[in-house]
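Subject: Structure for your review

Dear colleague,

Please find the structure below, together with its sequence.

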Amino acid sequence: MAVVAAGAGVSSGSGAHKSGFLEVLVRESWHKVLANLSEQALTLSCEDSSVNDGVSSNGVTNGSYLDNSNTNSNNGPQVVRTAFTDLPERVPEAIANRKRCVKVTKQEIGGLGISIKGGKENKMPILISKIFKGLAADQTQSLYVGDAILSVNGMNLRDATHDEAVQALKRAGKEVTLEVKYMREATPYVRKGSPVSEISWETPPPESPRPSSPPVTSFSSSSPQSPSSPSQPLLSLNSDRRCIPLKMSYVTRAMTRADPENRQLELHSPDARHTIVLRCPDQPSALSWFSSMHSVTSTLAQRAAAEVVQNISRTGVAGSKEIRHLGWLAGKTESEKQCWKPVLVVVTEKDLLLYDSLPRSKEAWQNPSHNFPLLATRLVHSGPDRGSPCSGTELFFATRTGTRLGIETHLFRTETTKDLSMWSRHIVNGCHASAEMIKEVTTSCLYRSQECRLVIHYEKGFSVLADPKVGDGEDSEERVTDTSVKPQVLLSYPFEKLKMSADDGVRMLLLDFGGKEGEIQLDLHSCPKPIVFILHSFLSAKISRLGLVA
């Protein structure tokens, strides 16, 4: 089932950022749809080809456009006759499976007032699928939904394709003679829902509008739709439209499907379970649609972030008190070189949090899939992905975090250079702010066979303190720390004395301050990477504070 109109232009109008014809992927097949982008949602309409001459107020010819100035509309929404209203049992038996000729006089506004389905490529005849009440075809009182159009003004349409039939009906002139034949057996085909009815999407919380019951979008500024509009139930029954709320949705490109022509868009749901793939006519239009959709989703994400901050102001999020930035990115670990997936990334005052989907409760916000301390995280790359098949086309950054199990690397792909710059800045600044806020990190270690504590202070530098013990026994687990005794300072050096740092990746940290003791070897009992990364974060923050580039 195609969407056909006199023109397939793209325009912007009041109440919508963008309108135009795209293709949507449903069951591995592309289907033409009319897409309307507003400040809140993307509406996809996949309606029958309409043989009307109306053009909507926003400049886009629409297959189901109805001019509301005709006298029968009472300046209200048009009622549409479909297979759900023109039931087979209501069609006179005398005309079933018999050829008839019906003369129709096109109206100045509204044309023939019918929509059609079928065609040679669908292995179906050209069928009337809708008749718009009050317009020309309806006024004859001799045409029915389910009528097959055999010819137009003597032009045979029995073997016509869908587009050939549309053009023949549009070129037929003012006086049109239709040779038709009612086909009861075609009723199931006419009733069949459009491809957009098969598009699945996340069901939002009860307080949000549900996409399964989409609002009817009016393409004429003179006819606002109301919830009680009689045409709304018909559109819902036919599933002609799907309204996709864009709040916290993620628009990207070439994540789940290869796009060699560079004209596809992907829209991912907030729960990361549903994906809509759209295809544009060419690269410029794909870039234009992407820019518009990205702008809308970015604006909505900012509003959502403000709502989240307000909702968790008392409880915080995963041990943090403040959300400084959040948004969707394409992410993968270093070992998943070919597997990008949506990741909701949150930067707090001290942590980098990753979520597999948008949390829908306060409890869910407390349980990210990954929680990386910014103090132990480094931004190690920011720019084009030179290793991608199309070098320089992907913008991404990488983070490395020192953990007890070693270094964990994550790659993140952004959609625009502005996004890349913003995320890089938030992570670097977050690391530095975290260093200034936390100021001191302490870990146990073994120095020259003695239990000690390594203290790294943002301002004071490095100290190795002997652990004061009482009741030392052969079993170290029986030792008790004497908090009343001031620890002995075995070593103390400021940051500027540090000449070299290294580690073995297992448990040893090596520091050289140029002192008489030479290279200092500290056994940290576990992987030294967290301390190594924290050390570097302190240094980076101090250099940045001096106005130098870290």
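A polar contact of 2.8 Å links the side chain of R413 to that of T252; a polar contact is a pair of N or O atoms within 3.5 Å, and within protein one atom must be able to donate a hydrogen and the other to accept it, while residues adjacent in sequence count only if both atoms are side-chain atoms. A polar atom of the R413 side chain also lies 2.8 Å from the backbone oxygen of R253.

Please note that this is a predicted model, in which local features need pLDDT of at least 70 and side-chain atom pairs count only at pLDDT 80 or more, whereas totals for chains, interfaces and linings use all residues. Residues are numbered from 1 along each chain as its sequence is written, and side-chain values use heavy atoms, with hydrogens and water left out.

R413 is located in strand 23; helices (H or I, at least four residues) and strands (E, at least two) are DSSP runs numbered from the N terminus. R413 counts as buried because its relative accessibility is 4%, where buried means under 20% relative accessible area, exposed over 50% and partly exposed in between, with a 1.4 Å probe and protein chains only. Beyond its neighbours within four places in sequence, R413 has contacts (heavy atoms within 4.5 Å) that include Y250, M255, L329, W340, E394 and F396.

Axes are lines fitted to C-alpha atoms, for helices over the stretch in contact, and angles run from 0 to 180 degrees between N-to-C directions. Helix 8 also packs with helix 7 (residues 417-438), at an angle of about 100 degrees and with the axes 9 Å apart. Helix 7 is therefore roughly perpendicular to helix 8, a term that covers angles of 65 to 115 degrees. Helix 7 contributes C431, H432, A435 and E436 to the contact, and helix 8 contributes S537, F538, S540, A541, S544 and R545.

The largest nonpolar core has 30 residues, of which I114, I116, L143, I149, V152 and L178 touch the most other members. Such a core is a set of buried Ala, Val, Leu, Ile, Met, Phe, Trp, Tyr and Cys residues joined through side-chain atoms within 4.5 Å. A second, separate core of 29 residues includes Y493, F495, I534 and F538.

K247 lies in the loop between strand 13 (241-245) and strand 14 (250-252) and is partly exposed, with a relative accessible area of 38%. Its side chain makes a polar contact of 2.7 Å with the side chain of E307.

For the chain as a whole, the secondary structure comes to eight helices and 32 strands, and 52% of the 550 residues are buried.

Methods:
Parallel < 35°, antiparallel > 145°, perpendicular 65-115°, else oblique.
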